[in-house]
Amino acid sequence: MKRIQSTRPLSHEKKIEKLRAAGTRARTKLALAAGDEEQPDIAHAPLSWWRKRWADRTIQRLFIENFIYVRDAFDENKLTLLKFNDLQADLFEELSGRDVLIKFRRGGASTIIKAKDLADAVVNSGRSVRIVPHDPDTEGEFRMDVKIMFENLPNHLKPATRYYSDDRIWIDDQLRGTVDSRITTSTVVPGHESKGRGQTITNLLLTEPPHWRGDQRKAATALIEAAKGGCVMVESTPFGIDWTFSIYQQGKSGKGGWKSHFYEWWWKRDYRLEGARFRKARGQWVLVKPGEKVKDVWRILPAEATEAQRAANRERFEAARFRLQDDEGKPTQEFKVALLILKHLKAKKYVSRRAKWNCDEVAECLAWRRAKIEELPGGERQFMVEYPENDQDCFEQSGRPVVSMQYLKSPCEMSQPKVGRSYVIGADPSLGLESGNPAGIVIVDITTGQTVHEEKTKRAPDLLAYRLEELSDIYNGAEIVPERNNMGIAVIQKLIEDGYDDRVYRHLDAPLLRKVDSGELSIDEAKELAKPGFPTTAEVKPVSAMMLEESIRRKWLSVGPQFIEEARNVVWFDNGTFGAQPGFEDDLFMAQLIANYVIRCAEFLRGGFVGVLPEVGHAR
C-alpha cells in the first residue's frame, strides 16, 4: 500500500534528516547524469563545477537549496536555507524566460526569482540583473534580501566584488571565473520611466507594476526592451484591468511571447489552521475552529434563557455552519473552494486519493480562509484580490470592465435562422487589411435576445457589404446596422447601391425625435431625414455600453463565446470612455453593442420596454 505523506508538522530533527536524505538522492542523480565516476561533493565543489553544469535546471535548484539563505517570515524570521515550497518548485520548473505571474500574498514567488537571478550572477560572468520593486519601502527590503543571500554564501562560492553598495553589487573575481556581473535594485521614478531603455539586462524582475509610482506601461516597455534576449519575470497580485492584466491574458492566449502562471492561495501550506474540523450539529455540517467542540457552536440553553442569549446562540451556529448549497440549490462558493482544495491536496499527495471534501486537511484550509476574510477590512471582496481563487474574479474585484466577468460565464450556442423570426445584424467595419483589426459581425434574434451568429473577418468595405447582404438574406431579411464611421460609410454606400436601402438602419437622433414629439414631423418623415448607420459618437457610445451591460446582467441578451473572450479586456477609462486594453480587440464587442442598442430602443418605441432611455436618439 502506498504510503501517504503526513500533514502533521515534523520535528526539527526529522526535518534535518529528511533534507539530508533528499540531498543525498539529488547528488546521486547528478553524479549519474554527469557521468562522474564518483559522487560529487557539492558542499566543496567550486564555481567552475557549477558553471559547467548550469544549463541543467536541477543543478540550479541544488545550488539554491544548499547555499542560498533567506529570512523565514513564517518561522520567527529565522535565517534558514531556502527550501522550495510547492509554489516555488512548480514555478521554477515552468519558467520560460518571458513569464507573467498572478500571485497571492507571501507565496514566495519573488524570493525564488531573486535567488535564481543572484545565483546566475554569482556562477556566470556578464550577467546584468535588474530588480524593480514597486515602492521605496519594498526596495529597501529587496536590497536586504539580496544582501543576505550574497553575504551568507560559503567563502569558496562567494566571488569578490568591485563595488558593493545598497543599490548595486558588482561581482568581479578573476580567480573564481565570475567577472563583470551586476545586481541592481531600484524602483521606478516618476518622470524617468524611460531611464532603463539604454541598459543591457540579462535578468529582469518586475514586481507589482500596478503599484509603481510612475507610468507603468512606459517604464515596463523600456525595461523589457533593454532585456530583449534575456529572462523577464513580471509578478503581481491582481489589481484592476491594466497592463499586467493585458500581458497575462496575452500569455493565456499564446500571444506576445508571454507564458502566464497562476497559483491559488492553497498552494501555500502555511495557510491553514491546524486542528480545525468538520462536524455535524443539528443535522448540518459546521466548521469548528481549533480547540472548539460542537457544544461551543450550538449550546443547549436552559428554558429561562433570554431572547438575546438565544439570538447569540443562533448567530454562533450560523457563523460556523458550512453550507453545501445556496437557497437556489447551487453549490456555494465555499463548497466549490473545498472541492478545489481537495483536488490540489490529492495532486500533491497530502491526502489519500479516497479522501473526501470533509477531511481534516480541507477543514484546516477553509478555517484559515474564514479567519483571513474576517481579519481583512474589505472582507471577502478584498480576500479575493489578495488571495485569489481563480484568475478572473480577482481582477473583477479590483478592475472596471464594462461587463462584469461574473455575467460572462455561460455563452449561448449559435443557431440557424428560424421561420417567422426577426433578426438584427450589428457590424463594426474595418479596412480589411491583414495587418489591421478585423470587422466584427453579430446577429441577434429580436424575440429571444439570443445571439445566433458571430464572426470576425478581414474584408475590404465593399466585400464586407456583400457578406452583410448575404447574412441578411439568410436570416429572414435581417436589419443591417453598420457603425457609421470612415470605413462604415463606404459599407453603407455599397449596401444602398446594391438595393439594400430598405434594410439599412437609420438612426433617429434627439433633434429628430423632438420634432416627432412636437408633431412637426411624422415618424416616416423623420426616417427619411435620418442618416443611415449607427453613430458611435461621444454622446451615444457610453450610453450604449451601459445598456449592453444591463441587458447581459438582466439576461435580456445572451452572447456568444467569441464575444465573451473579447469582453474580458474591454474596460472603462478614467476619461469616461471605454475600449479594449492595448493588444486586444473590441470589434465583436462593438457589433454586439450596436445590435443590442437597436433592439432595446425599438422595444422602447413599441412600448414594450419598461425604463427610461437617455435622450441620445432612438432606433428605427
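Visitor: Where is the place of T237?

Guide: T237 sits in the loop between β9 (231-236) and α8 (243-252). Helices (H or I, at least four residues) and strands (E, at least two) are DSSP runs, numbered from the N terminus. This is a predicted model: local features need pLDDT of at least 70, side-chain atom pairs count only at pLDDT 80 or more, and totals for chains, interfaces and linings use all residues. Residues are numbered from 1 along each chain as its sequence is written, and side-chain values use heavy atoms, with hydrogens and water left out.

Visitor: Is T237 buried or exposed?

Guide: Buried, because its relative accessible area is 3%. Buried means under 20% relative accessible area, exposed over 50%, partly exposed in between (1.4 Å probe, protein chains only).

Visitor: Which side chain does T237 join in a polar contact?

Guide: That of E208, at 3.0 Å. A polar contact is a pair of N or O atoms within 3.5 Å; within protein, one must be able to donate a hydrogen and the other to accept it, and residues adjacent in sequence count only if both atoms are side-chain atoms.

Visitor: New topic. How many cavities of 30 Å³ or more does the structure hold?

Guide: It holds 2. On a 1 Å grid over the protein atoms alone, a cavity is a set of points where a 1.4 Å probe fits but cannot get out; lining residues have an atom within 4 Å of a point. Grid points are joined across faces, edges and corners, and a volume is the space filled by probe spheres set on the points.

Visitor: How much space lies in the largest cavity?

Guide: About 50 Å³. Its lining includes R143, K147, D166 and I183. α6 gives the most, with 3 residues.

Visitor: What is the lining of the largest cavity made of?

Guide: It divides into 3 nonpolar, 2 polar and 5 charged residues. Ala, Val, Leu, Ile, Met, Phe, Trp, Tyr, Cys and Pro count as nonpolar, Asp, Glu, Lys and Arg as charged, and the others, Gly among them, as polar.

Visitor: And which residues line the second largest cavity?

Guide: W266, Y271, H344 and C365 are among them. The space is about 40 Å³. Helix α11 (residues 333-347) gives the largest share, 3 residues. The lining has 5 nonpolar, 1 polar and 2 charged residues.

Visitor: Last one. Which strand does V288 lie in?

Guide: Strand β12 (residues 284-288). V288 counts as buried because its relative accessibility is 3%.

Notes. On a 1 Å grid over the protein atoms alone, a cavity is a set of points where a 1.4 Å probe fits but cannot get out, and a pocket is an open set with protein on both sides within 12 Å along at least five of seven lines; lining residues have an atom within 4 Å of a point.
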